[in-house]
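Have the sequence and the 3D view handy as you read.

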Amino acid sequence: MDIAMIGLGKMGANMAQRLLRGGHRVVGFDPSAAARKLLEDKGGEAAASLELLIGRLAAPRVLWMMVPAGEPTDATIEGLRGLLGRGDTLIDGGNSYYRDTLRRAASLEPLGIRYVDAGTSGGVWGLQEGYSLMVGGDEAVVETLRPIFSSLAPAADRGWGRVGPVGAGHFTKMVHNGIEYGLMQAYAEGFSILRHKEAFDLDLHQIAEIWRHGSVVRSWLLDLSASALKTNPHLDGIAPYVADSGEGRWTVAEAIELGVPAFVITQSLLERLRSREADSFGDKLLAAMRNQFGGHAIKSE
């Protein structure tokens with residue numbers, strides 16, 4: 001199957017390689033000449049512009065976008081709007097906000113351009129292990145794309161599926177990432193408790209390795225934690241600053257709108273925001289209040 005891959009960053013390039021291994025023809029575009037050359041070195045074809053990319057494929061075309069969510073995705077779609085025709089399919093494999101996905105699909109529908117959203121999980125390990133794909137779109141359209149999803153997933157019948165109409169894929173991936181926030185926070189807090197029990201002189205890497213086999217808390221996130229603790233037991237040189245890419249915020253906002261209590265996901269998001277406060281005014285005020293009502297000592301900076 002011929003596939004155009006738009007966006008050859010780390011994840012897009014890895015997905016292109018996996019598609020090539022599956023016997024697909026991949027033509028890729030990326031603004032970076034180095035990224036395009038890397039695809040060619042792996043056996044794919046590269047185009048230096050969206051116009052040239054479209055010209056390399058026979059209609060009806062299938063295009064997979066792996067570009068950052070938000071304005072870059074909108075800009076890419078705008079650049080494609082006059083190049084694609086009826087029957088062409090555009091797959092958004094990035095972590096777009098599902099409401100943006102619904103808007104984009106509606107804008108392309110009058111043109112006969114079919115829009116599919118594929119929430120994609122797997123990170124840097126997807127090339128070897130395969131990707132978990134949560135697909136939203138028309139059932140018949142998704143079925144025509146089965147060879148693509150089967151090649152990208154861990155197995156043809158495992159790790160991927162159509163979860164609902166357009167928008168459902170990115171909605172499911174949004175909640176997936178919210179759950180991920182909570183799981184990561186639980187591991188972080190648990191290992192922090194172990195680390196602070198200095199009297200036992202616990203080996204955190206050893207404990208992580210024990211838990212990886214047979215334990216009810218075993219997971220891929222635990223595997224990654226074990227790897228990090230093996231190479232850097234005290235996490236030296238790592239700043240206590242945790243970024244977020246938006247999905248946790250969207251999940252919490254959706255929970256509020258739906259009236260669904262989501263304590264763990266919400267708290268894990270707030271902990272990420274808190275990690276960025278190098279000079280917390282709120283904590284200073286707490287210390288000042290304790291001093292005012294109880295005469296408790298205040299530590300100087």
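Which backbone nitrogen lies 2.8 Å from a polar atom of the side chain of Asp-88? In this predicted model, that atom belongs to Gly-85.

So where are we along the chain? Asp-88 sits in the loop that links H4 to S5. Its relative accessibility is 0%, so Asp-88 counts as buried, the cut-off being under 20%. Leaving out residues up to four places away in sequence, Asp-88 touches Ala-59, Pro-60 and Arg-61, and also Gly-112, Ile-113 and Arg-114.

Now step into strand S5 itself, residues 89–92. In a regular strand, side chains alternate between the two faces of the sheet. Here, Thr-89 and Ile-91 are on one side, Leu-90 and Asp-92 are on the other, and all of them are buried. Both faces of S5 are covered, in other words.

S5 has parallel partners in S4 and in S6. Here's how those pairings look:

| Strand paired with S5 | Residues | Bridges | A facing pair |
|---|---|---|---|
| S4 | 62–65 | four, parallel | Val-62 and Thr-89 |
| S6 | 114–121 | four, parallel | Asp-117 and Asp-92 |

How does the chain get from S5 to S6? It passes through helix H5, residues 98–108, in a right-handed β-α-β crossover.

Terms used:
Residues numbered from 1 in each chain as written. Predicted model: local features only at pLDDT ≥ 70, side-chain atom pairs only at ≥ 80, totals over all residues. Heavy atoms only, no water. Buried < 20%, exposed > 50% of the residue type's maximum accessible area, 1.4 Å probe, protein only. Helix = DSSP H or I, 4+ residues; strand = E, 2+ residues; numbered from the N terminus. Pairing = 2+ DSSP bridges. Right-handed = clockwise from strand over helix to strand, strands pointing away. Polar contact = N/O pair within 3.5 Å; in protein donor to acceptor, adjacent residues only side chain to side chain. Contact = heavy atoms within 4.5 Å.
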